[in-house]
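Okay, thanks for coming, everyone. Let me put the structure up on the screen and we'll walk through a few spots together.

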Amino acid sequence: MHLSRFPRVALSHAPTPLEPLTRLSQHLGGPTIHIKRDDCTGLASGGNKTRKLEFLLGDALAQGATHLVTQGATQSNHVRQTAAAAAKFGLGCTALLETRVTDGAPEYYNNGNVLLDKIFNCTLESRPAGLDMNQELVAVGERLRQQGEQPYLIPGGGSNAIGALGYVVCAQELLMQANERQLRIDHVVHATGSCGTQAGLVVGLQGMNTGIPVLGIGVRAPRERQEANVHALAQATWAHLGLPGALARETVQANCDYVGAGYGVPTPGMIEAVQLLAQMEGILLDPVYSGKGMAGLIDLIRRGRFRKDENVVFLHTGGSVGLFGYREVFASLRARPRPAPASCALRRRAIARTHGASNTARCSIGSARRSSRAPRPRSRAIARRARAEVPSDRSCRGRARSTAS
């Protein structure tokens with residue numbers, strides 16, 4: 001797939017890391033989990049939309065656009081990254097925020113992504129839930145055109161055949177990383193919402209004939225509708241790339257059992273997933289997408305959906321900025337018992353998979369050298385202080401006699 005023929009700008013810090021989740025894998029007792037860190041794409045604290053925006057901004061600039069217009073939910077990660085990309089290239093930006101969550105705390109409507117949108121000088125307009133947001137985009141674009149702007153309309157999530165090219169690139173990048181470290185990938189799992197990430201991954205992995213299935217954990221729509229939407233966009237992306245034939249319907253899989261009460265509404269599974277990743281791996285998920293995606297993966301592992309000898313890659317789509325809009329959800333959390341550290345064998349396997357066997361050998365040799373060294377002598381001052389802190393036998397006998405009397 002020759003992607004250089006499409007207009008594109010540089011926004012991402014790529015390749016993003018592919019890391020083993022050693023402690024989480026040990027804790028769950030299931031397959032070996034790796035995480036593709038697309039929360040580290042760089043733009044405005046990172047996230048999956050940055051990859052899409054590379055192609056969307058490339059197309060916008062090629063058309064002479066002066067103003068980006070997009071839409072999303074109140075705590076939209078996509079709007080934040082679009083506003084940052086517009087600022088980077090000197091474009092205006094207007095975003096329509098759909099009020100999908102109506103009972104959020106004040107932070108939900110003023111902090112997190114919303115605060116950053118304002119810092120990036122994005123013009124924000126609110127819309128009630130249930131409107132045709134694409135028609136709203138068209139209306140705002142026409143208004144801006146009458147004001148002398150050249151608007152470029154970006155759908156929610158940056159999810160069209162142009163934006164999905166960003167995740168065709170990600171699929172190529174992931175396969176290259178896996179081949180370099182001889183990592184067999186059996187499954188890719190991620191949160192799926194506006195469909196562009198999953199569509200791009202499916203097209204990329206199928207177009208390279210990898211045989212790697214992609215499972216999207218839904219965050220909004222029912223399964224049948226989500227799969228149909230992803231497949232339609234994947235087919236459009238397949239055609240946009242000029243690939244022969246058609247993309248089979250069975251290549252698109254979604255599980256929407258973890259949405260809970262609705263989009264952006266916290267669930268116990270999401271809260272547990274955010275805690276586990278933070279406290280076991282030092283990684284922050286977000287409460288709307290990656291938190292629910294990881295909650296789904298954790299539950300499926302507990303239900304035996306994956307074999308213990310398999311390797312699962314979880315694609316982290318970013319969005320931890322959104323946590324600041326959910327302060328009340330996490331403020332009352334109690335400390336969890338600290339899980340046992342990963343075993344030495346698991347650590348060595350993780351190092352081998354991430355950096356290659358040579359580093360593991362060096363690590364083992366270094367450990368052997370350290371264990372064979374004689375203990376280092378303490379300084380005289382430390383030794384004197386230690387002797388002063390330990391009571392002598394004579395003083396102990398004296399205290400024992402006085403206690404007995």
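This is a predicted model: local features need pLDDT of at least 70, side-chain atom pairs count only at pLDDT 80 or more; totals for chains, interfaces and linings use all residues.

Residues are numbered from 1 along each chain as its sequence is written, and side-chain values use heavy atoms, with hydrogens and water left out.

So, the overall picture. The protein has 16 helices and 10 strands; those are DSSP runs, with helices being H or I of at least four residues and strands being E of at least two, numbered from the N terminus. Of its 405 residues, 51% count as buried, and buried here means under 20% relative accessible area, with exposed being over 50% and partly exposed in between, using a 1.4 Å probe and protein chains only. Take the contacts between residues at least 6 apart in sequence: 79% of them join residues at least 24 apart. Contact means heavy atoms within 4.5 Å.

Now the helix pair. How do H2 and H3 cross? Helix H2, residues 49-62, and helix H3, residues 77-88, have axes that come within 10 Å and cross at roughly 45°. The axes are lines fitted to C-alpha atoms over the stretch in contact, and angles run from 0 to 180 degrees between N-to-C directions. That makes the two helices oblique to each other, since under 35 degrees is roughly parallel, over 145 roughly antiparallel, 65 to 115 roughly perpendicular, and the rest oblique. On the H2 side, the contact uses Lys49, Thr50, Leu53 and Leu57, and on the H3 side His78, Gln81, Thr82 and Ala85. By class, that contact has three nonpolar, four polar and one charged residues. Leu and Ala are among the nonpolar types, Lys is among the charged ones, and the types in neither list count as polar.

Last bit, the backbone. As background, most residues other than glycine have a negative phi, and most peptide bonds are trans. Have a look at Ala14 to Pro15, then: that peptide bond is cis, with omega near 5°. Pro15 sits in the segment before strand S1 (18-20).

Next, Cys195 has a positive phi of about 90° without being a glycine. You'll find Cys195 in the loop between strand S7 (187-192) and helix H8 (196-207). Is Cys195 buried or exposed? At 7% relative accessibility, Cys195 counts as buried.

Asn209 also has a positive phi, near 60°, and lies in the loop between H8 and strand S8 (214-218). At 70% relative accessibility, though, Asn209 counts as exposed.
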